[in-house]
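Subject: Structure handover

Hello,

Here is the structure I said I would pass on. My notes on what turned up in it follow below.

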Amino acid sequence: MPHILIVEDETIIRSALRRLLERNQYQVSEAGSVQEAQERYSIPTFDLIVSDLRLPGAPGTELIKLGEGTPVLIMTSYASLRSAVDSMKMGAVDYIAKPFDHDEMLQAVARILRDHQEARRAPAPVATSGNARNGATEKATANANGEIGIIGSCAAMQELYSKIRKVAPTDSNVLVQGESGTGKELVARALHNLSKRAKAPLISVNCAAIPETLIESELFGHEKGAFTGASAGRAGLVEAADGGTLFLDEIGELPLEAQARLLRVLQEGEIRRVGSVQSQKVDVRLIAATHRDLKTLAKTGQFREDLYYRLHVIALKLPALRERGNDVLEIAQAFLVRQYTRMGYEPLHFAHDAEQAIRHYPWPGNVRELENAIERAVILCEGAEICADLLGIDIKLDDLDDEDFSLSAAAGQSSSSHEPTEDLSLEDYFQHFVLEHQDHMTETELARKLGISRKCLWERRQRLGIPRRKTGVTSSP
């Protein structure tokens, strides 16, 4: 049973986290500060340390050094994202932003423990350059999702990575489903790179970008004189992918005639160039992608049903960016570094309002829209900080709900003698804090401590049925 140390000065949070981990078969010890942890335990003996970043006395990052190689997961408030990134540079294995849900925490803990166990079993690499910490950082990166090449660690993406690793070594056809801009080509590239065909070509084709009159000759090639303008024979893209992988993006846009030819490739392993009577063998693994519902298209006759079932051997679903939680901030940070590096600028960072906007905006264009927004912001930025206005997205920060207030703020003033008997949700933390402090704090003070507006405080009171205190004078929003 893995042994985990929780270092958190807020009793209400520490206790809830302890019970969550214990119910999931982890042995848990706890401390309220780095000093207390040092006095009570031999820190290097733990399998994992989960620590708040800001603690009384020494910060949680001190545990990285004291742990002597024990992985440290840093907890940080939403507003402290840059501090969390700095913690990673100091050697923390990962960070998790408050408030987090139970699944997010459990997934992070399981992943870190698994990666740490794999790292200990692997033979130590021979150091040729750089210091030990850089080597450890590179190893941690390789053990995460470096071989897949996709950023993000939410539960849905972890499940996707697991499926990619299982499916990639096979020759099965794969259908990648997801909204436009979610990164379906990245999935195809990962499947190819992790397959036995990795040294052969990966040919990518956007079926929607090729005119319908040319799609067959582009895919399957043509003979000289096959049509007006065909002055010489030419191999098609399927033939070019022989021995490797063919990725057909937006396959729902493929005309029915081309679908029939593609079905022959899948069934017989043969192609016939346009205008030819001779067939030739090809060895191609097909990965198709679409944002459309092929099953519905097949029922209405817009897509061949037999081809649909040939494609649907393995289906991988890419979640929309709005469904990936804090992944959006991780992806945004990666895009930011890429853009200012490419343009030769000094390092830039997001202002708090930009982080809020990125986290709350629904991103209908998904990762592609996010990348474009950040490129725009980097170009227009005149200082070292990118504010929300530069992103050019339609969002009003004043109307945001208080989803991003930290658990630390919500429970920061709570007494250690009021330890709950059950795990508290975000709503429970809010209710617990307000009821305990409203007799000696104004509405303005409550809102400030919670990190929200007075309007949000009033609205949440109404939703949760928390009455206002009867003494003192407070104004409604």
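Ser172 touches Arg285, Leu286, Val313 and Ile314, leaving out residues up to four places away in sequence; contact here means heavy atoms within 4.5 Å. This is a predicted model, in which local features need pLDDT of at least 70 and side-chain atom pairs count only at pLDDT 80 or more, while totals for chains, interfaces and linings use all residues. Residues are numbered from 1 along each chain as its sequence is written, and side-chain values use heavy atoms, with hydrogens and water left out.

Ser172 sits in the loop between helix H7 (155-167) and strand S6 (174-177). Helices (H or I, at least four residues) and strands (E, at least two) are DSSP runs, numbered from the N terminus. With 26% relative accessibility, Ser172 counts as partly exposed; buried is under 20% relative accessible area, exposed over 50%, and partly exposed in between (1.4 Å probe, protein chains only). Although Ser172 and Leu286 are 114 residues apart along the chain, their C-alpha atoms are separated by 7.9 Å.

The largest nonpolar core has 30 residues, of which Val238, Leu246, Leu248, Ile251 and Leu311 touch the most other members. Such a core is a set of buried Ala, Val, Leu, Ile, Met, Phe, Trp, Tyr and Cys residues joined through side-chain atoms within 4.5 Å. Helix H11 (256-268) is among the elements that each supply at least two residues of this core, and the largest share, five residues, comes from H11. Beyond its neighbours within four places in sequence, Leu311 is in contact with residues including Asn173, Ile251, Leu286 and Phe303.

Strand S3 (residues 48-52) has five of its five residues buried, so it is largely enclosed by the rest of the structure. Leu48, Val50 and Asp52 point one way from S3, and Ile49 and Ser51 the other way. S3 runs parallel to strand S1 (residues 3-7), joined to it by four bridges; strands pair if DSSP finds at least two bridges between them. Leu5 stands opposite Ile49.

A search of the whole structure finds three aromatic pairs. Rings of Phe, Tyr and Trp (its six-membered ring) pair if their centres lie within 6.5 Å, with planes under 30 degrees apart counted as stacked, over 60 as edge-to-face and the rest as tilted. The ring centres of Tyr41 and Phe46 are 5.5 Å apart and their planes are at 85°, so this pair is edge-to-face. Both Tyr41 and Phe46 are buried.

Regards
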